[in-house]
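Colleague: Please show me the model. Then let us go through its contacts by question and answer.

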Amino acid sequence: SYPPEVLSCSGVEAAYHVVYHLQIAAWSCFFGIDVLDGLYRVGMQWSLALLILSAFLLGSRFCRNDAAGLLTAVLIFGAGLGFLFTSSQSVEWWSLTFIDVTLVSVFLVNPLLPALPLLFCGFVCLDDYIESGRRGVLVGCALLLLSLLRVKVFLGAQAIGGVVLAALLLRRDGTKRMRIAAGFLAVCTLPLLAPMVWGSGTGNTAIGWRPLEIVRYSMEKLEWSESVQALAEVGQWSMRPEALGWATSATLVWALGFLGLRLVALPGWASDLFSRSNPVRSSMACVVLIGFPVALLVRIAPAEATGLSRLESINDVIWFAAQSGILLWFWTAETVIRFGKRSRTASAAALAAAVAIALPCTLQHFTYKRSLGIDRVPAEAVEAARAVQELSAAGEVWVEPPSRVRPSLVAYLAGRSVVHDGYVGYDYRFVPREDLEFRRHAVAQ
C-alpha cells in the first residue's frame, strides 16, 4: 500500500493490499532489492510498464484499432478540467480540483497502479473467452478480476458487479458464454466477500447515505461558499429552493470538470450500455454506470477519525468515480480516432485537441511535485532508528509517538513493529475502534 502501513503495526492482520506486499517481498527475496526501493522505484516502474501495455492491449481490442489502443495508453494518464480553475489558492494538484485521484494515486504508489493492469487484462481474457469459448481463458479472467479484491477491493467489486450486471441486461439477446462467465465469477466471488461482510462489524468503517459530499469537497477547494452551503443542505427535508439550484449547478460544474475530454465518450458509452451488442463493451459500460452513483450518493469513511485530515475523514467513495473515469478513456480514444479518420488535417486537429485538454493536469503534476523539493529526514532520527535495529531483535514491538509528517522510521529503517502509526489515515478503517483507543492510550503512557 502507500506505504505498507498495516504491516508496520504490531498485531494487525495483513488482509488488505496483500498481493502488493507479496510483490515487494519478491523484489527483496529474489533480487535483493530493498523494500522501499521495491515500493517506490522497481515496483512502480514494473507496474507502469504493465499498465501501459495492458491499456494498449485492451484499447486495441475494445476499438479493433491499434491507433486507438495507443491513444488509450496515453489518455489514461490524463485528467479533467482542473487546469481551468488554478486561481484558487487551495488548488495545489490540478487533477484533484474535481476529486479525480487517478494521477496522484498512480504516481504516489497507491494499489490502484498494480490493480489497473489486472482489470484491463481481465477484460481482455473475457473478450477472448466470449470469442473462443476456451475454459482456460475463463479461469484466467476469473483469477485476474478476483485478485482485485485483494489488491484494490473497490475496483474488484465494481468490476465484478459490472460483468454480472451486463449479463443480466443481456439475458435475452446476449451470448450464453457471457452468462457462464458472469455466473462463474459470481460463484467464485462469494467465498471472498463473505469474510469481508461477516467481519465488517469488527472494523472501524462507517457506510451511510451522504449525497453529493465529494461535490461539496470540490466546491470547498474552489472556495465557492454559496455552493458549499447549499450542498450541506442536500438530503434534508428543510432544503431551501435556492439551495437546490446552487447544488444542481455545482453538481453540473463538478461533472463537466471531472470528465473534461471524456464528455465526448458519453454517446458511445450510452450506446454500448443500452444496445448490448458487445458483451465486453457492455460490461465496461456497466462498470462505469456503477461507479458514479455510488460516488455521488454514499459515504464510506472511518467511523472514528480522530487525528485524520479533512480528506481522509470525509469519504472513500472517490475511488468509484476515479475508476469509472479511467474506463471512459477507452470510448474517448475511440471517438477521437473516429473523428480523425475524415482527413489528415482532422486527425492532427483531433489529436492536438485531445492532448491540450487531457494532459495539462498531468504536466502540472510533475512540475508541482518537483517544486516541492526533497523531504530530508533529520540525521538524528535516522540514527535513532538504526540504534533500535542494533539494540533489538526481529519481532520486538516498539512504542513511538505517531507522526503525520512521515511514516514510522522504526518500522521502515529498523524493520521493527510499532504500537501505532497514524501516517496513512485509511488504515483506521481496518482496525476496530477499541483497538485504536487502546493503542493511543499505550502510546500516551
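**Contacts in the predicted model**

Modeller: A search of the whole structure finds 14 salt bridges, each being a side-chain nitrogen of Lys or Arg within 4 Å of a carboxyl oxygen of Asp or Glu. This is a predicted model, where local features need pLDDT of at least 70, side-chain atom pairs count only at pLDDT 80 or more, and totals for chains, interfaces and linings use all residues. Residues are numbered from 1 along each chain as its sequence is written, and side-chain values use heavy atoms, with hydrogens and water left out.

Colleague: How far apart in sequence are the parts tied together by Asp127 and Arg61?

Modeller: These two form a salt bridge, with the closest N and O atoms of Asp127 and Arg61 3.1 Å apart. Asp127 lies in helix α6 (residues 112-132) and Arg61 in helix α3 (residues 35-63). Helices (H or I, at least four residues) and strands (E, at least two) are DSSP runs, numbered from the N terminus. The pair therefore ties together parts separated in sequence by 66 residues.

Colleague: Is Asp127 buried or exposed?

Modeller: Buried means under 20% relative accessible area, exposed over 50%, and partly exposed in between (1.4 Å probe, protein chains only). Arg61 has 27% and is partly exposed. Asp127 has a relative accessible area of 7%, so Asp127 is buried.

Colleague: Where does Arg64, another partner of Asp127, lie?

Modeller: Arg64 forms a salt bridge with Asp127, with 3.6 Å between the closest N and O atoms. The pair ties together parts that are 63 residues apart in sequence, because Asp127 is in helix α6 and Arg64 is in a loop. Arg64 also has a positive phi of about 55°, although it is not a glycine. Its place is the loop between α3 and α4.

Colleague: What span should α6 have, at 1.5 Å a residue?

Modeller: The expected span of a helix is 1.5 Å times one less than its number of residues. α6 has 21 residues, and its end C-alpha atoms are 30 Å apart.

Colleague: How many residues of α6 are buried?

Modeller: α6 is mostly covered. Gly133 follows the helix, with a positive phi near 80°. Of the 21 residues in α6, the buried ones number 16.

Colleague: What is the phi of Leu212?

Modeller: Most residues other than glycine have a negative phi. Leu212 is buried at 15% relative accessibility, in the loop between β1 (205-209) and α10. Although it is not a glycine, Leu212 has a positive phi of about 60°.

Colleague: How many aromatic pairs are there?

Modeller: Rings of Phe, Tyr and Trp (its six-membered ring) pair if their centres lie within 6.5 Å. Planes under 30 degrees apart count as stacked, over 60 as edge-to-face and the rest as tilted. By this rule the count is 13.

Colleague: What is the geometry of the Trp27 and Phe31 pair?

Modeller: Both lie in helix α2 (residues 18-31), four residues apart, about one turn of the helix. Trp27 is buried at 13% relative accessibility, whereas Phe31 is exposed at 57%. Their ring centres are 5.9 Å apart and their planes at 40°, so the pair is tilted.

Colleague: And what is the geometry of the Phe85 and Phe98 pair?

Modeller: Phe85 is partly exposed at 22%, while Phe98 is buried at 2%. The ring centres of Phe85 and Phe98 are 5.3 Å apart, with the planes at 80°, so the pair is edge-to-face.

Colleague: Which ring does Lys152 lie over?

Modeller: A charge sits over a ring if NZ of Lys or CZ of Arg is within 6 Å of the ring centre and within 35 degrees of the ring normal. Arg262 lies over the face of Phe258, at 5.0 Å from the ring centre. Lys152 is 3.5 Å from the centre of the ring whose face it lies over, that of Trp319.
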